[in-house]
Amino acid sequence: MLLAFLFLAISSVATFSAPLLMLPLESDADGNLSALWENSIMQVFKEAGFETQKIEQEHFAECQTIDCVISAARASGAGGLFRGRLRVEGKDSVSIRLRIDWLAGNSRPQTEIQRTVPIAWEEVLKSGIILKLLSGITGKNADVEYTGNRNTHISVETSPEYAVVMLNGNAICQSPCIFSDSGSTAQIAAYWSSGENLWAAKRTVRLSGDTAKVFLELRRSYTGTEIRTNPSNALVFSADVLNADSKPMGKTPYAMQSLPGEMQIRLFHEGYSDTLLNVKIDALDKHIQFVQLAPITDPQKIHEQNLLIKSQFKKKLGHGLLGGSVGPLAMGILLCVLAQDDYQKARDIKRELELPYIGGPNFKAKVKENNNAVNDGDLKRGFGIGLISLSVLLAGAGFSMSF
């Protein structure tokens, strides 16, 4: 579907080796719609010759202004920085603002597009707005009308409506929508999510003639992909760079459940190279993805992995000590409070003993009770202070190992 447009873009935009960093869209739209736009724009950039890398705002956490973000992106070796905004204008249209700050060289040319466009991604491509954005980087005109073959138009409706529609595994629009494809067959899938639950359907359609109509009745889906490794018990992380703060999502065999599409994870096993894995989640079918991990033979990489394992263990132990310091602290404070009750009891008895008594067994019993109360208070306070001191030691050790 995108090829006809991308041929135009590729002819006008050079291929750059430096990556084009892509920040998440600012959006007030449904999460599925925002993700659809992000994925579609990233795919257009990639097929137009850009090395596109999606990043999160947290990568520039130290920056308070966009100028700081741009400078940090340039310092990291990025060729450009893409950012955009998506605002719903009505049932069938959105207001978009797309901008690229090109960071190569000494200057910082800017390309910015702002317009109200249809929600349907196919119609956005036909409008030429993406080609304008790409052409603005080189200054070459790519604002041309589409004159290629229209291929087969595919009209998709779903029940319920507004499901995300996928063509051959790629999300392209929300139902009801119309798009085109040049193949002889097409796999049409759709899904609709309500938080934890997923409804989906899919169908393979033969493309012949000008139009193909597809209706999909969504049903409850329990789709997922099971990741298996040899050796097993590999830790599963997000695709981010591993460090001491990284927390595993689980270990293999690991059942991944997510919205249909493709996502990336990292597999880690001591003695084996880290593996970045692209995982495909089908709309309806469950799959098993097997990975043969490669042993590490480079001594330097073995040393680096051992340092990472030690730092992760040290941090985990530190967190455990910090958590373990809470119990002794609470018990120590409680004993000190109870010790004050004993001291108060001793003071009350002492005031009774100061009254004029003739003497006798009762007086001696009160003296003994006073002494016992003081001794009990001293014992509890001693244990309490000891436990509080232990808590401080544990917290100090835990803090030093955690940071």
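Biologist: Where do Arg351 and Asp348 both lie, and how many residues apart are they?

Modeller: Both are in helix H7, 3 residues apart, which is about one turn of the helix. Helices here are DSSP runs of H or I with at least four residues, strands are runs of E with at least two, and both are numbered from the N terminus. Before we go on: this is a predicted model, where local features need pLDDT of at least 70, side-chain atom pairs count only at pLDDT 80 or more, and totals for chains, interfaces and linings use all residues. Residues are numbered from 1 along each chain as its sequence is written, and side-chain values use heavy atoms, leaving out hydrogens and water.

Biologist: Why is the contact of Arg351 with Asp348 called a salt bridge?

Modeller: The rule asks for a side-chain nitrogen of Lys or Arg within 4 Å of a carboxyl oxygen of Asp or Glu. The closest N and O atoms of Arg351 and Asp348 are 2.3 Å apart, so the pair meets that cut-off.

Biologist: What makes Arg351 count as buried, partly exposed or exposed?

Modeller: Buried means under 20% relative accessible area, exposed means over 50%, and partly exposed is in between, with a 1.4 Å probe and protein chains only. Arg351 has 47% relative accessibility, so it counts as partly exposed. Asp348, with a relative accessible area of 30%, is partly exposed too.

Biologist: How many salt bridges does this rule give?

Modeller: The count comes to 5. Another one of them joins Glu226 to Arg228, with the closest N and O atoms 2.7 Å apart. Glu226 is partly exposed at 25%, and Arg228 is partly exposed at 37%.

Biologist: How do you know that Lys345 forms a salt bridge with Glu369?

Modeller: Their closest N and O atoms are 3.8 Å apart, so the pair passes the distance rule. This pair links distant parts of the chain: Lys345 sits in helix H7 and Glu369 in helix H8 (residues 361-402), 24 residues apart. Lys345 is partly exposed at 41%, as is Glu369 at 31%.

Biologist: Which residues make the nonpolar surface patch of about 230 Å²?

Modeller: Leu329, Ile333 and Val337 make it. A patch takes residues with over 30% relative accessible area and no salt bridge, joining like charges within 9 Å and nonpolar side chains (Val, Leu, Ile, Met, Phe, Trp, Tyr) within 5 Å. Val337, in helix H7 (residues 326-353), has 44% relative accessibility and counts as partly exposed, so its accessible area passes the patch cut-off.

Biologist: Why are Cys173 and Cys177 called a disulfide?

Modeller: A disulfide is a pair of cysteine sulfur atoms within 2.5 Å. The sulfur atoms of Cys173 and Cys177 are 2.0 Å apart, so the pair qualifies. By this rule the count is 1, and both cysteines are buried.

Biologist: What makes strand S10 largely enclosed by the rest of the structure?

Modeller: Of the 5 residues of S10 (residues 177-181), 4 are buried, so the strand is largely enclosed.

Biologist: In what sense do S7 and S10 pair, and over how many bridges?

Modeller: Two strands pair if DSSP finds at least two bridges between them. S7 (residues 152-159) and S10 have 5, in the antiparallel sense, so they count as a pair. Thr152 has Asp181 in S10 as its bridge partner.

Biologist: Which residues touch the most other members of the largest nonpolar core?

Modeller: Among its 28 residues, those are Trp37, Ile41, Phe45, Phe82 and Ile96. Helix H2 gives the largest share, 6 residues. A core is a set of buried Ala, Val, Leu, Ile, Met, Phe, Trp, Tyr and Cys residues joined through side-chain atoms within 4.5 Å. A second, separate core has 19 residues, including Ile154, Val156, Cys177 and Val214.

Conventions
Areas by Shrake-Rupley, 256 points an atom, 1.4 Å probe, with all protein chains shown as cover.
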